[in-house]
Structure formats: structure tokens, C-alpha cells
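Hi,

Here is the structure I said I would pass on. Have a look, and my notes follow below.

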Amino acid sequence: MPNTDARVDMTEGAVAPRLFSLAWPLVLGNLLQTLYNLADVFWVGRVSPEAVAAVSLMFPLSWMFVSTAMGLTAATIALVSQHVGAGEDRRADEVVGQTTLLAIGVSVVLAAVGLLARRPLLNWIGAEGVVFTEALAYIEVIFLTLPLTFLFFAFRASLQGAGDTKTAMWLVAASAGVNIVIDPVFILGVGPIPAMGTRGAAVATFISRALAAAAGIYVLVRGDWGIQLHLGDLRPNPAVLRKLVDIGYPGTLDGWARSFAAVAMAALVARFGPAATAAYGVGVRLMSVSWSVAGAVGQATATGVGQNLGADTPDRASRVAWTATGGTMAVLALAGAVVWFLPALAIRVFVNDAAVVEEGVSFLRITAPAWAAFGGLMVLQGAFRGAGDTRTAMGLSLLSRWGLRIPAAVVLAYSFTVVVPGVGPVSGLGLGPDGLWWAWTFGAVGSLIVGALWFLRGTWTEGVVERDEGPEPGLDAAGGSDRDGETRPDHDGDDGDGDPATDD
């Protein structure tokens with residue numbers, strides 16, 4: 001029997017408690033993933049400042065490929081959650097199979113392209129000398145992990161769409177734990193294992209992700225967690241693949257736009273030297289803690305919105321989104337305040353170089369007050385993705401980064417004068433690295449305001465699951481059973497036992 005107790009039904013009951021039940025495993029899982037990333041910086045910091053700078057420069061590039069996987073699986077969350085909300089579990093399983101097929105194909109192509117273009121990529125982002133050498137050693141192994149990363153994201157999105165966020169959390173915890181334990185072994189060397197520096201950090205990542213991907217595949221094939229990967233569903237289904245691509249490509253483009261923006265920011269920072277680059281890398285990793293929380297709540301919101309649109313309850317979907325947004329912003333405002341008061345302490349955990357600490361303090365003092373804005377926008381984007389409106393989520397990312405942050409960074413950080421036709425001379429303010437940090441805050445606040453106003457328009461409430469597709473695969477025309485032949489509950493709060501409160 002499927003372990004449906006692990007699944008949270010967001011279509012009924014009080015919104016906040018159910019949202020919390022869905023979100024906390026995702027928050028914990030993302031925080032563990034952040035700890036996983038911070039461990040690399042911590043141990044690489046014991047090698048040299050150049051090694052820290054190399055890993056910092058590679059973070060946006062690595063994230064470009066991770067965000068590609070997240071973009072592809074955004075469609076999975078939307079489709080699976082809406083099929084589950086509509087009581088169509090077998091169709092949800094078919095989406096899982098096609099997602100797995102798509103993830104394997106795309107990741108293998110990206111890994112091959114990345115390995116072939118690794119040196120031009122490093123030159124483009126400004127890596128030089130020792131930093132170039134250390135970055136190359138790191139990225140060569142990271143590219144090999146892409147198929148494993150994509151498979152794990154496919155697994156996590158599938159369970160998340162079904163409302164099970166706990167199973168993936170435990171696998172993330174195990175993977176992060178393995179990475180943290182073996183990081184110093186491969187980075188610094190222990191016994192017969194030589195010190196590998198940045199390459200060792202990448203090797204540890206490869207091993208831990210391989211274990212997570214293998215466990216994820218086992219869980220899906222076994223099918224005891226409420227969603228199942230059927231081998232027969234790995235045959236290409238053009239209709240499902242088209243829908244996945246149609247809903248997912250804006251998420252993929254969104255991921256690329258975010259990643260290239262991060263690479264562009266890293267390149268702008270690199271022009272101010274190793275100290276600014278290292279401070280930026282550590283500061284962004286610390287900021288990624290807030291992203292982990294907001295991203296997790298955004299994922300939970302996507303599931304809640306998707307289930308409610310599948311159950312044809314858009315007003316409740318809206319309540320899920322606003323409850324999640326308000327709660328996340330409150331938590332991150334508090335976290336940002338703590339970091340604002342203790343910035344040097346936070347930076348010195350990773351690097352004790354005086355110049356790096358000074359730049360890092362400036363970064364955190366300027367950006368920490370905007371953590372709540374970053375978080376609020378990410379949750380609203382999750383709501384749009386759960387509705388299948390990935391184009392709007394993409395538009396908000398483009399606005400935040402390319403419409404606001406990057407232009408503001410250039411104008412605020414650098415000294416220049418150009419003549420804009422119809423406007424006249426435009427001069428940069430020449431604030432140096434501080435100008436780059438202020439651009440982060442400007443982009444976050446501006447895009448949050450636009451995102452909230454757009455969400456209020458309500459154009460996202462139609463969903464993407466069609467009601468005239470006929471019965472689910474393997475079901476009779478009445479469509480009244482799930483994959484095991486049992487009656488699915490209606491979404492009016494009645495699970496068939498006469499007590500709405502027990503239906504979870």
C-alpha cells in the first residue's frame with residue numbers, strides 16, 4: 001500500500017498548519033543543502049584565499065545547471081500536484097516517468113557541452129592565474145555530477161507535487177551528511193588519499209549526489225510513497241513531453257537568466273580583486289540561507305496552489321500564497337536583522353583575512369535588510385509556478401536581475417560617462433563594490449512590488465490540467481479509483497468516514 005500518510009492534502013483544513021506541515025521538511029532539506037555548500041567553502045578556506053575565490057566564481061556557473069534542473073521540474077510540480085488534487089494519481093505517475101526521461105536527456109547534453117566549453121567559460125567570468133587553475137579542477141568534476149543532480153531534482157519534484165516533502169528531506173540530509181564528512185578527506189587529504197584542494201570538494205559532491213540519486217530512483221520505482229515510476233512510462237510520450245516542455249521551458253530560461261546574471265555579477269565583482277570576490281562568495285553563501293528558507297516555502301506554496309487549482313478551489317489557492325508570503329517575510333526580516341548586527345562574526349566563520357572580512361561586512365550590512373524582499377518574491381514565484389504560470393515567474397526573475405540589478409550595479413559601482421540618445425550624458429557613480437551590493441537590494445525590493453501587484457490581478461487561477469482528457473490510464477470511464485483501485489476522496493472535506501478533520 002502506498003504510504004499516503006506522508007502526503008499533505010492542501011485542499012482542505014486550516015491553511016497555515018497544513019502549509020507548515022508541507023514546508024518544514026523542504027526548509028530543513030534546503031538548509032541542509034546550504035550546509036552542504038557552506039562545507040565546501042569552509043574546508044576550501046583552509047587551502048587558500050585563491051581556492052575560496054575559485055569556488056566562489058564557480059558557484060554561479062554551477063547554479064546555472066542546477067537551476068536548469070529546477071526549471072524543468074517546475075512543470076512536474078505543477079502537473080503532478082494538479083493531477084493529485086483532481087484525484088488522477090495514475091496520470092501523475094506518467095508525468096513522473098516522462099520527467100525522468102527528459103531529465104536524463106537534458107543533463108547528459110549539458111554535461112558534454114560544459115566539459116567542452118569549460119576553459120572559455122572560465123575566461124569569460126574573469127578567472128586568472130591560480131584562481132583559473134583551481135576553478136578548472138573544480139568545475140571539471142562538477143560537470144560529471146549533472147545527470148545525478150537532475151535525477152535527484154526529478155525525484156524530489158515528483159514527491160513534492162504529490163504532497164510528500166519528508167522523504168526527499170531525509171535523502172537530502174543523508175547526502176549532505178556524507179558530503180560534510182568526506183569533504184576534508186578529499187580537500188585536505190587523509191591517509192592514502194592525497195590533498196586535492198578544490199577538486200576534492202567536487203569529488204565529495206559527486207559521491208554524495210550519486211548516493212542521493214540512487215536512493216531517489218529506488219524510492220520512485222518501489223512506489224510505496226504515494227507516487228511511482230513505472231518502467232513503461234519511460235517510453236517517450238510526445239503529448240506529455242510537449243506539456244512538460246511548454247510549462248517547463250520558461251522555468252529553464254528563468255534559471256539560465258538567473259544564473260547568467262549571477263555569472264555577470266561575479267564578473268563585475270572580480271574586477272575589484274580577490275578580496276571583493278572572496279567576500280562576495282562568502283556573503284552570497286550566507287545569503288543563500290535565506291534563499292533556502294524562501295525557496296522551500298515557495299516550493300510548498302507551488303504544491304498547495306497546484307492541488308487547490310486541481311480541486312477547483314482558486315480562492316483557497318490564493319490564501320495559501322499570501323499566508324506563505326507573509327510568514328516567510330517575517331522570518332527573514334528577523335534573520336536579516338541578526339546578520340546586520342553581527343556581520344563580521346558571520347564572515348570570520350569562513351575566512352579570517354582582514355580585507356575579505358571588511359568587504360564582507362559591507363556586503364551584509366547593505367543586503368541583509370532586503371532578505372525579506374528576496375524571500376517574499378521567491379514565494380510568490382512559487383505560487384505562479386504551482387499554477388503552471390511559469391512565464392510570469394520567469395518575467396519577475398528577468399526584471400529582478402536583468403531589468404534592475406545588473407543595470408543598477410553598473411551605474412552604481414563604476415565611474416563612466418556615456419551619451420544616451422534622447423537622454424544625454426549618463427554617468428556612473430563609482431561607488432566600487434558597495435555599488436554592487438546596493439544593486440542587490442534595489443532589484444529585490446523593486447521586483448517584489450511588481451510581483452505582488454501582478455499576483456493580485458488573478459490571471460494565474462486557471463491551472464494547466466485539462467478536464468476533458470478522458471479517464472486516467474488504467475481506470476474505468478468513471479475514473480473513480482486511484483492506482484490501487486481504492487476510492488479517492490472528494491475535495492469537499494469528506495474522506496468517507498464522516499469526519500473531515502481526519503483527512504490528511
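To get your bearings: in which helix is the place of Gly 251? Gly 251 sits in α9, residues 238–270 (helices are DSSP runs of H or I with at least four residues, numbered from the N terminus).

Before going on, this is a predicted model, where local features need pLDDT of at least 70 and side-chain atom pairs count only at pLDDT 80 or more, while totals for chains, interfaces and linings use all residues. Residues are numbered from 1 along each chain as its sequence is written, and side-chain values use heavy atoms, with hydrogens and water left out.

Back to Gly 251, which is buried at a relative accessible area of 4% (buried means under 20%, with a 1.4 Å probe and protein chains only). Leaving aside residues up to four places away in sequence, Gly 251 touches Ser 67, Gly 71 and Thr 390 (contact means heavy atoms within 4.5 Å). Gly 71 is 180 residues away along the chain, yet the two C-alpha atoms are 3.9 Å apart.

How is the lining of the second largest pocket made up by class? It has 10 nonpolar, three polar and no charged residues (Ala, Val, Leu, Ile, Met, Phe, Trp, Tyr, Cys and Pro count as nonpolar, Asp, Glu, Lys and Arg as charged, and the others, Gly among them, as polar). α1 gives the most to that lining, with six residues.

On confidence, the protein averages a pLDDT of 79, and 88% of the residues score at least 70 (pLDDT is the predictor's confidence in each residue, from 0 to 100). Residues 468–504 fall below 50.

Cheers

How values were computed. Helices (H or I, at least four residues) and strands (E, at least two) are DSSP runs, numbered from the N terminus. Buried means under 20% relative accessible area, exposed over 50%, partly exposed in between (1.4 Å probe, protein chains only).
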